[in-house]
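Have the model open alongside as you read.

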Amino acid sequence: MLFSSLLQQRGWRFDLTSALIGAAVALILARIIYQRREQIKTFALKLWSPVVNLRSRAQASQEARYITALKNELKGLLLFQPADPRKIFQPPTFAAPPPLPTKMDTIDDLFVEPLEVRYANLTAGHPRLVITGPRAAGRTMALAMQVWQTAESATPFQAPRGGKKRPYERFPLWIDLAQYKHLPEAQSESPVERLVQLAALFMPVLVPRWVLTHLRNEPALILVDNWESLPHDARRVVARWFGEVAQSLPKSCWVVASGEEGYGPLIEAGFVSLELIPPSGKDMLAALYRGWAELLGAEPVEPAEQTFAVLKWAEEAGASLLELNTRVLVYLRTRQLPTRPVDVLDRFLDHCIPTPNLGEGQADVVEQARVLTLSALSYLAKMHRLEGRAFTQQEIYDQIGTLLPPEEVRPPKLEGAIRRMLFDTQLLKREGKFWVPAHYIWDDFLTAWALVEDEVGADIVKAHLSDPTWTLLLEFYAALGDVTPLVRTLVQTATMHGDMASLLRAARWAAIAPEEAPWRKSLMKVLAQTFNDPDLDRQMRLRLGQALAVAAGEGARAFFIQALRQPSVAIRSAALRGLGWSGSPREMPLFVGALQDPDLEVQQAAIEALGDMGTAGAVRLLRDAMLEADDHLLPFFAEALSKTPDGLEVLKESVDSESLLIRRTVAQGLGRVDQPWAIEILEKLAREDAEWLVRSAAQIALSALKEKAEDKTVPLPPPQIDQLEWLIAWAASQGMGLGVGKAAGAMLERAITQGDPKAQILGILTLTHVGREAHLKLLEPLLNSPDADVRDVAESALRLFERRYDLYQP
């Protein structure tokens, strides 16, 4: 009753004053909120973002953990297992097949330069690629860094359940074909399921169903390493299998890493081959040094002059990227700077093997243990390299037992010391219950060491002279033992078959072998005689000259001076380049004379040689000669001066030259320098110079630099035979249609066998893109064609097919 009476006494009544006040307050608040809506929105998002991030992490945690786990596994594949591979990775470029001419009347040059594809653009074109290169060129690292690249390129992805950010642009999957021999026999699995099984052999923590879901629903990046490890009879089967999986996963992109030979079945499966071009030059060496110094926390962070000189010599001597990494790491860890590669690895071995604390008076035992540890490592590496054997811990203990001295004279702590030293080193890694060498560089180096001391070692290496997978091992063997018979074989191959690659290989051995090697003198004589052959190709003569300069050292200087007396302009020009690689300030009078030679080719060679030499005296001579040089030679002065810091200073000082030709040369030289200060000078020349010729040269240089920076060249897909314009036109000229499929292929073969030289050349070039091993029978008769161009193109194609199908492999 009381509550009812209160309600009756306090019944609601409209109060106009209160309503107006409330409305005014609401309008004021609304105006304040409207005016500060962005700040309020930012504040709200800030409050809500932890919840969003927590939800995103929960949704993406599996993917993120997978990427982290995959990166950790891949680090284990890289030499020295860098904590952050991005700091030392020097991106290679790739030489990709150029597009075919579309019409027969557009064949201007039979040997068109390949496309240069930047590493960042590798997967932006054709989705099936095979990158080829020699061992130790950085194939595995280039492949592995694609995982880091796809992770850094990650973009938000809208999933059906809501917003979600993938930790990758493409879902990466790593396939190690060295594990193919362990793949169980196929049961009822689909081709994609079999691929996941193979991936799990490399990364056992994979959950197959989870991986399959990602492969089928997202863009994928399939990275395949060690193609050359497949048995020959399995390669065609695996290539067809990959082709089936690629068709069933249309959003997948494939990159297969292979040696330089034996990848032909992949071409038949629609893959495009790209040759890996390792990075080179002073900037690369400096960046590599800085990266390792940062990773190790070492000083100095920039290479000293002597350190840089040794690294530069190694690069000129043909050092692989693997060797250059090893040299930098050995220096930063030991402060030793040996010249020969085997000495570099020997220092690193000494650094890697730990020294156990056996107590006072045990120094001799420690040294004996170290020697026996190396013997054990050599045996394990040899058995793994030659027979594919891996060892359990007990088997390693048993092998140690065979090396020990008799028990009555054996120090009591010796065996335990060897065990500790062996298993604490970085040279072995565990794979399940087995132990194997941690990296193939130790496999090859320690096996070479063992073979030098093996009675049948010489026969074993001779049997593998033509095996590309033994290239690195044979280099180590040449530096440790007597390879006189092998050098003799290489020289005979070069002499009888014109195989200059064999001669260059022998020259590489000469650069890294001991000075007293018994075969060195006779090899130097052959190299010199070949260099002086007037019929030798210009590029090959220069390559031989550079090899001579590295291998012969001071002796090369005397040879090049003598070669300047040759009547051949080509030989004298190459000799000048040789002096640029091996000469000294003593040769300046020779270059002064060469710059006044009546033949422009000799003058050009002198300019290029001075640029190679790069000394202060060479730069001064270039500066003085440029002022009176022939107009046709000024671009070569621009290039030579752009190579060194002193030369760049000359270009800077010449910006205000009264000669418009010199200012144009400055623009051409700075166009080779992709630096902000150089671009600023070019922009000023393009804008303010009084002469159109200079402004035009500066603008061309700026455009070239911009084009290089924005280069989007990508690998092109293989040509479709039934869509080739030239073949359609040729078939029409024969009164026939082209057809599709097998009919188009038959017409291509007919054009090669029955067409005129232009049709034959285009047909052969087409086969270099899509040809099969069976097409060899079409090419061989063309080596006897009356047309010289047809013979040259056919011979080049034959060499390519021999590499693709590894026809010389025993």
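## A word on "buried"

Buried here means under 20% relative accessible area. Keep in mind that this is a predicted model.

## Helix α26

With that cut-off, V602, Q603, A605, A606, I607, E608, A609, L610, G611 and M613 of α26 come out as buried. That's ten of the 14 residues, so the helix is mostly covered, given that buried means under 20% relative accessible area. And what do these buried residues pack against? Their partners are α22 (538–552), α24 (569–582), α25 (588–594), α27 (616–626) and α28 (634–641).

As for geometry, α26 runs over residues 600–613 and spans 20 Å from its first C-alpha to its last, close to the 20 Å expected at 1.5 Å a residue. Both ends have something to look at. At the start of α26, D599 puts a side-chain oxygen within 2.8 Å of the backbone nitrogen of E601. Just after the helix, G614 adopts a positive phi of about 70°.

## The second largest pocket

Now over to the second largest pocket, which holds about 510 Å³ of space. Its lining has 22 residues, and P719, I721, G741, V770 and R772 are the ones nearest the centre. Elements giving two or more residues to this lining are α8 (264–268), α34 (742–754) and α35 (757–770). Of the contributors, α34 gives the most, with six residues.

What does the lining of the second largest pocket look like by class? Ten of the residues are nonpolar, seven are polar and five are charged.

Terms used:
Residues are numbered from 1 along each chain as its sequence is written. This is a predicted model: local features need pLDDT of at least 70, side-chain atom pairs count only at pLDDT 80 or more; totals for chains, interfaces and linings use all residues. Side-chain values use heavy atoms; hydrogens and water are left out. Helices (H or I, at least four residues) and strands (E, at least two) are DSSP runs, numbered from the N terminus. The expected span of a helix is 1.5 Å times one less than its number of residues. Buried means under 20% relative accessible area, exposed over 50%, partly exposed in between (1.4 Å probe, protein chains only). Contact means heavy atoms within 4.5 Å. A polar contact is a pair of N or O atoms within 3.5 Å; within protein, one must be able to donate a hydrogen and the other to accept it, and residues adjacent in sequence count only if both atoms are side-chain atoms. On a 1 Å grid over the protein atoms alone, a cavity is a set of points where a 1.4 Å probe fits but cannot get out, and a pocket is an open set with protein on both sides within 12 Å along at least five of seven lines; lining residues have an atom within 4 Å of a point. Grid points are joined across faces, edges and corners, and a volume is the space filled by probe spheres set on the points. Ala, Val, Leu, Ile, Met, Phe, Trp, Tyr, Cys and Pro count as nonpolar, Asp, Glu, Lys and Arg as charged, and the others, Gly among them, as polar.
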